[in-house]
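User: I have a structure open and would like to learn how to read its features. Could you take me through some of them, one at a time?

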Amino acid sequence: MGIAIKPLRPDRPDFAGEVTGIDIAKGVSAAEAAAVEAGMDKYAVLVLREQRITDAQQYAFSQHFGPMETATGDIAKLEDRRLPMEINDISNLDKHGRVLPRDDRRRLFGLGNMLWHSDSSFKPTPAKFSLLSARTIPGEGGNTEFADMRAAWDALDPELQAECRDLVCEHSQIYSRGQLGFTEFTPEERIKWAPVPQRLVRRHPRSGRLSLYLAAHAGAIRGWPVPEARMFLRDLNEHATQRQFVYAHVWRQWDLVMWDNRATMHRARRYDMTKPRDMHRTTVADSAPTLEQAA
Ligand SMILES: [Fe+2]
């Protein structure tokens, strides 16, 4: 049986699909990977159920889609890491597998994942795809929501589209965490996460569709006063995350969900943080900074 992809919601035929007929643990051929990438071009979010994979298998599958990122956006010190740098640790666990205390700095930093964002938009070359594998889930809550930034763009008034078209934003993790009152960064972190420029509107290199490139990390617009920029971005975020643009994923153990950070935003939802939640993310890097890409 070959790969098949169908929309998760019949009323939204081009956003969030489910892939069947693939077993990543057995290895994926170049032709199968090409079918998955074609699905990503169309759906931007793909769900693959029952993928009982190791980190090595997840990494090998991810490598089909481009060069890989390392977890330089994480706040844990190297000696405190639970997982290797090839894996983003999306969990509430310390390196001994214990649930982090409520006031742990890593946990509070991780709460930033509950703000709408696009992965690694704070890096000069941001993320292309993220692939998130559910190893342990807390039972209920902890959904991940995805917003279709192509549909959000398409639904903007033409006047607003024209205003957005050539704007350049500044993205930093210091901006996103600052929204939550998390402001205590070390001098080294301030240097490492200094703001980087990203286009506000970008074109998908394969589908040709335009999308809004927004994230909680965006805290300024070049040439604009900061309060005006933040208010403008807040309005755009409100528009882009209306429920008609959103798919909410309810996790099952061993789900692998992959999304295109160039065309979507996502956020985690609340769960009982006294229970372990362990998700492993691999991240495929984009080809170049957004200002160097055709728009
Ligand atoms: Fe994320």
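User: Let's start with charged pairs. Which side chains meet in a salt bridge with 3.0 Å from N to O?

Analyst: Keep in mind that this is a predicted model. A salt bridge is a side-chain nitrogen of Lys or Arg within 4 Å of a carboxyl oxygen of Asp or Glu. Here the side chains of Arg-222 and Glu-170 meet that way, at 3.0 Å from N to O. Arg-222 sits in the loop between strand S11 (218–221) and helix H8 (226–240), while Glu-170 belongs to strand S7 (residues 168–171), so this pair ties together parts that are 52 residues apart in sequence.

User: Are those two partners buried or exposed?

Analyst: Buried means under 20% relative accessible area, and exposed means over 50%. Glu-170 is buried because its relative accessible area is 16%. Arg-222, at 45%, counts as partly exposed.

User: How many salt bridges does a search of the whole structure find?

Analyst: It finds 25 salt bridges. One of them joins the side chains of Glu-145 and Arg-269, with 3.6 Å from N to O. That pair links distant parts of the chain: Glu-145 is in strand S6 (residues 144–148) and Arg-269 is in the loop between strand S14 (264–268) and S15, 124 residues apart. Glu-145 counts as buried because its relative accessibility is 5%, whereas Arg-269 is partly exposed at 34%.

User: Which residues are linked with Glu-145 in a network of salt bridges?

Analyst: The network links Glu-145 with Arg-243, Arg-267 and Arg-269.

User: And what does Asp-148 pair with?

Analyst: Asp-148 forms a salt bridge with Arg-150, and their closest N and O atoms are 2.9 Å apart. Asp-148 counts as buried because its relative accessibility is 2%. Arg-150 also has 2% relative accessibility, so it counts as buried.

User: Now helices. How do I read the length of H1?

Analyst: Compare the span with what is expected at 1.5 Å a residue. Helix H1 covers residues 30–43, 14 residues in total, and reaches 20 Å from its first C-alpha to its last, close to the expected 20 Å. Its buried residues are Ala-33, Val-36, Glu-37, Gly-39, Met-40, Asp-41 and Tyr-43. Just after H1, look at Ala-44, which takes a positive phi of about 70°.

User: Which residues of helix H2 are buried, and where do they lie around the axis?

Analyst: In H2 (residues 55–62), the buried residues are Gln-58, Phe-61 and Ser-62. They cover an arc of only 100° around the axis, so they are on the same side of H2. The elements they pack against are H1, strand S3 (45–48), strand S5 (127–136), strand S13 (256–260) and S15.

User: Let's finish in S15. What do the side chains of Gln-58 and Ser-62 do with Thr-282?

Analyst: Each makes a polar contact with the Thr-282 side chain: Gln-58 at 3.1 Å, and Ser-62 at 2.7 Å. Thr-282 lies in strand S15 (residues 278–285). Thr-282 counts as buried because its relative accessibility is 0%.

How values were computed: Residues are numbered from 1 along each chain as its sequence is written. This is a predicted model: local features need pLDDT of at least 70, side-chain atom pairs count only at pLDDT 80 or more; totals for chains, interfaces and linings use all residues. Side-chain values use heavy atoms; hydrogens and water are left out. Helices (H or I, at least four residues) and strands (E, at least two) are DSSP runs, numbered from the N terminus. Buried means under 20% relative accessible area, exposed over 50%, partly exposed in between (1.4 Å probe, protein chains only). A polar contact is a pair of N or O atoms within 3.5 Å; within protein, one must be able to donate a hydrogen and the other to accept it, and residues adjacent in sequence count only if both atoms are side-chain atoms. The expected span of a helix is 1.5 Å times one less than its number of residues. The arc is that of the directions from the helix axis to the C-beta atoms. Contact means heavy atoms within 4.5 Å.
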